[in-house]
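Here is a short report on one protein chain. Keep the sequence and the 3D view at hand while reading.

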Amino acid sequence: MNDYAGQHEVISENMTSHITVELARYVQELKQERKSYFHDGRKAQQHIEICWKQLESSKRRFERDCKEADRAQQYFEKMDADINVTKADVEKARQQAQVRHQMAEDSRADYSSILQKFNHEQHEYYHTHIPNIFQKIQEMEERRIVRIGESMKTYAEVDRQVIPIIGKCLDEIVKAAESIDQKNDSQLVIEAYKSGFEPPGDIEFEDYTQPMKRTVSDNSLSNSREGKAELKFGGKSKGKLWPFIKKNKLMSLLTSPHQPPPPPPASSSPSAVPNGPQSPKQQKEPLSHRFNEFMTSKPKMHCFRSLKRGGATPEDFSNLPPEQRRKKLQQKVDELNKEIQKEMDQRDAITKMKDVYLKNPQMGDPASLDHKLTEVSQNIEKLRLEAQKFEAWLAEVEGRLPARSDQARRQSGMYDAQNPATVNNCAQDRESSPDGSYTEEQSQESEVKVLATDFDDEFDDEEPLPAIGTCKALYTFEGQNEGTISVVEGETLYVIEEDKGDGWTRIRRNEEEEGYVPTSYVEVYLDKNAKDS
């Protein structure tokens, strides 16, 4: 499949270099050429419009001069026929008529010249300029069509070159598909992810007719439960309910009360309830529910291919084609940079907390944070070395470096040599767990999570939440689970967090006592400022 994808990447790279880049440059040239032709067309059209306006202007002037000459001639004839007009006036009218006739003749000559010029320009416009422009645009489009045809032929040649290799890849895919052994694959998964639990033995018959001490088989289910009960007070199996339950879910059940709160008692008097309202407890789930949870959980499983090979892909992704390898390396570099930034933020937060402890020694010992600060700094240094190693591989792929340096090879060899030890340690930890349970969490992840949890707890102790109101206990509540607090009927306490919709309200009695109580057990009085905010 990698070779098959690599051939398609070869096709893509060849199309990009031989077709796409050339066509993009050619399209830009065509755009400029087409733009120049349209500019010439608009210029010719504007010229013919100017000539037409000049013709209209000379025509109106010739018409106006002819009318003026006609009126001057009529006025002269009228003055010449009138016997009461002096000879000087008649001579003046005659001269005026001659001037008007001369102006009309000049306008006529000008109009005739402009008309001939316009007819010539119009003939050139419709029979020479516009046809030439259209001819050039047509030739440009024909060149474009020929170029598209050549690009299609180039694509066919590029594709034809890799067809034999693609055929071999498809043959190998068919061969690999036909060689699948589903039974062997199932056995590999079973061997990799089996829990190691032994089923309980047969329960022995207990004869109640004889007054003898009844014993139970050592390997019975009940005895195994007793063993579990004894183990839960020591070792790593503390709080282990059943092998099917996940460790992270178990831890979430032991922290803040996420289960629904108990209903309030029927009577306001505590004597009406013999045992009092029960604090929220996690009910034991039936075995069928646990089995369903085990069947529906989705563990992180490696593919069969990696199981058959006996390991994961190379660290530098050298088995991938160049483009895919570059993407994988870039993704790994981005992830390492994010982790470095996260560790740096955590280091800054620990440094601030240490400053607070130095100013207020009663809040904590500053020396207790030195170990965490050193550990975070070491993590940052490891992540930076890892990022530099992947950046060197990325630079090699992108062509920024001619080849891998000896130092990078040595670092890679050291890291590869450390990897098997890490894997063996993880396997030993898994095998050496007292209850034989298997968890998917890696040790490094667990350490980071525990560190972050401890840090959050210390930060919460440093800055307690402000009170947003008060509340009065309507009933007595015995807080038996972690995260809850016991209250007595009629007691007044501070509210530091409203009900978020889960039925629990967070309250505080004093500086050191705070926790959750059922919302239905208290009557809350919020401050006006808290309501507005």
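Phe-62 has its place in helix H1. The model is predicted. Is Phe-62 buried or exposed? Its relative accessibility is 19%, and the cut-off for buried is under 20%. Phe-62 therefore counts as buried.

Which residues does Phe-62 touch, leaving aside those up to four places away in sequence? They are Ala-104, Ser-107, Arg-108 and Tyr-111. Asp-106 lies 44 residues from Phe-62 along the chain. Even so, the C-alpha atoms of Phe-62 and Asp-106 are separated by 8.3 Å.

## Two helices side by side

Helix H1 covers residues 2-81, and helix H2 covers residues 87-178. Their axes come within 7 Å. They cross at roughly 170°. Angles over 145 degrees count as roughly antiparallel. H1 and H2 are therefore roughly antiparallel to each other.

What kinds of residues make up the contact of H1 with H2? There are 43 nonpolar, 17 polar and 21 charged residues.

## Aromatic pairs

How many aromatic pairs does the count give? It comes to 7. In one of them, the ring centres of Tyr-125 and Tyr-126 are 4.8 Å apart. The ring planes stand at 85°, so this pair is edge-to-face. Tyr-125 is buried, with a relative accessible area of 10%. Tyr-126 is exposed, at 53%.

The rings of Phe-390 and Trp-393 also form a pair, with centres 5.2 Å apart. Their planes are at 85°, so this pair is edge-to-face. Both residues belong to helix H9, which spans residues 370-398. They are 3 residues apart, so about one helical turn separates them. Phe-390 is buried, and so is Trp-393. Elsewhere, ring pairs link Tyr-475, Phe-477, Trp-504 and Tyr-521 into a cluster.

## A positive phi

Most residues other than glycine have a negative phi. Phe-317 has a positive value, near 55°. Where is Phe-317 found? It sits in the loop between helix H7 (304-309) and helix H8 (322-359). Phe-317 counts as buried, because its relative accessibility is 17%.

## The whole chain

The chain has 12 helices and 5 strands. It has 533 residues, of which 23% count as buried. Now take the contacts between residues at least 6 apart in sequence. Of these, 68% join residues at least 24 apart.

## How confident is the model?

The mean pLDDT of the chain is 75. A value of 70 or more is reached by 69% of the residues. Where is confidence highest, and where is it lowest? Strand S1 (residues 469-473) has the highest mean, at 93. Helix H4 (residues 221-231) has the lowest, at a mean of 41.

Over residues 245-256 the pLDDT is below 50. Beyond near neighbours in sequence, this stretch has 16 contacts in the model. Residues 401-461 also stay under 50. For them the model has 48 contacts beyond four places in sequence. Where pLDDT is low, the predicted coordinates should not be read in detail.

Terms used
Residues are numbered from 1 along each chain as its sequence is written. This is a predicted model: local features need pLDDT of at least 70, side-chain atom pairs count only at pLDDT 80 or more; totals for chains, interfaces and linings use all residues. Side-chain values use heavy atoms; hydrogens and water are left out. pLDDT is the predictor's confidence in each residue, from 0 to 100. Helices (H or I, at least four residues) and strands (E, at least two) are DSSP runs, numbered from the N terminus. Contact means heavy atoms within 4.5 Å. Axes are lines fitted to C-alpha atoms, for helices over the stretch in contact, and angles run from 0 to 180 degrees between N-to-C directions. Angles under 35 degrees count as roughly parallel, over 145 as roughly antiparallel, 65 to 115 as roughly perpendicular and the rest as oblique. Ala, Val, Leu, Ile, Met, Phe, Trp, Tyr, Cys and Pro count as nonpolar, Asp, Glu, Lys and Arg as charged, and the others, Gly among them, as polar. Buried means under 20% relative accessible area, exposed over 50%, partly exposed in between (1.4 Å probe, protein chains only). Rings of Phe, Tyr and Trp (its six-membered ring) pair if their centres lie within 6.5 Å; planes under 30 degrees apart count as stacked, over 60 as edge-to-face and the rest as tilted.
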